[in-house]
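Please look over the sequence and the model below before reading on.

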Amino acid sequence: MKATNVRIADHFTLFEVMPRTYCQQFDNDTLLAWISPTILKAADRFRDIVGKPVTVNNWNEGGTLNLCGLRPPNTSIGAPKSAHKVLFDSKRRLTQMGQALDLHVAGLSGEAMRQVIRENWPQFRGLITRVEDKTDGWLHIDCKRTDDPSQLVVFGFFKG
Ligand SMILES: [Zn+2]
């Protein structure tokens, strides 16, 4: 493992938002430059408001969740330009940071988690721009640029 599992937010560590292969390939500074600080703040805010443990990836604890935070450009699941993906141009310059997380809370449905965002929108404004509609056991949040960041965008399942 090239990276170490350092704390990168109040409630989250590096391995929780990175796929295992990236933690084996890249060092901490490289990985940290690829994940949006804004979406980490959003996850912390969500954790504080919901008041329960929030899981992104859990591969490091022996679980199966591995692509719920940043995704490599060639990841086949999800949309081609998904906000989860870190993207580069032909000269290997960063063109998109990982700016989406899929959050899981034991005992809370996707709809219950979306409701947390809606009911507390003033506290999420500026940190979250979009959530995905109709996800069942998780909540997708991202901070992808939108026309009006003051309004929450709820977008269709499997498009982002
Ligand atoms: Zn997602």
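The points below concern a predicted model and are grouped by topic.

**Helix α5 and its surroundings**

- Helix α5 spans residues 110-119, and within this helix G110, M113, R114 and I117 are buried.
- Viewed down the axis of α5, the buried residues fall within an arc of 100°, so they line one face of the helix.
- An α-helix has 3.6 residues a turn, so residues three or four places apart point the same way.
- On the face of α5 that is turned away from its buried side, the exposed residues are E111, A112, R118 and E119.
- The cover over the buried residues of α5 includes the strands β3 (100-103), β4 (130-132) and β5 (139-142), together with the helix α6 (121-124).

**Loop residues with positive phi**

- R92, which is found in the loop between β1 (87-88) and β2 (94-96), has a phi near 70°, a positive value in a residue other than glycine.
- R92 counts as exposed because it has 6 C-beta neighbours inside 10 Å, where the cut-off for exposed is 12 or fewer.
- K134, in the loop between β4 and β5, likewise is a residue other than glycine with a positive phi, near 70°.
- K134 has 11 C-beta neighbours inside 10 Å and therefore counts as exposed.

**D48 in helix α4**

- D48 lies in helix α4, which covers residues 37-50, and counts as partly exposed because it has 13 C-beta neighbours inside 10 Å.
- Although D48 and D10 are 38 residues apart along the chain, their C-alpha atoms are separated by 9.5 Å.

Note on methods. Residues numbered from 1 in each chain as written. Predicted model: local features only at pLDDT ≥ 70, side-chain atom pairs only at ≥ 80, totals over all residues. Buried ≥ 20, exposed ≤ 12 C-beta atoms within 10 Å, placed from the backbone. Helix = DSSP H or I, 4+ residues; strand = E, 2+ residues; numbered from the N terminus. Arc of directions from axis to C-beta. Contact = placed C-beta atoms within 7 Å.
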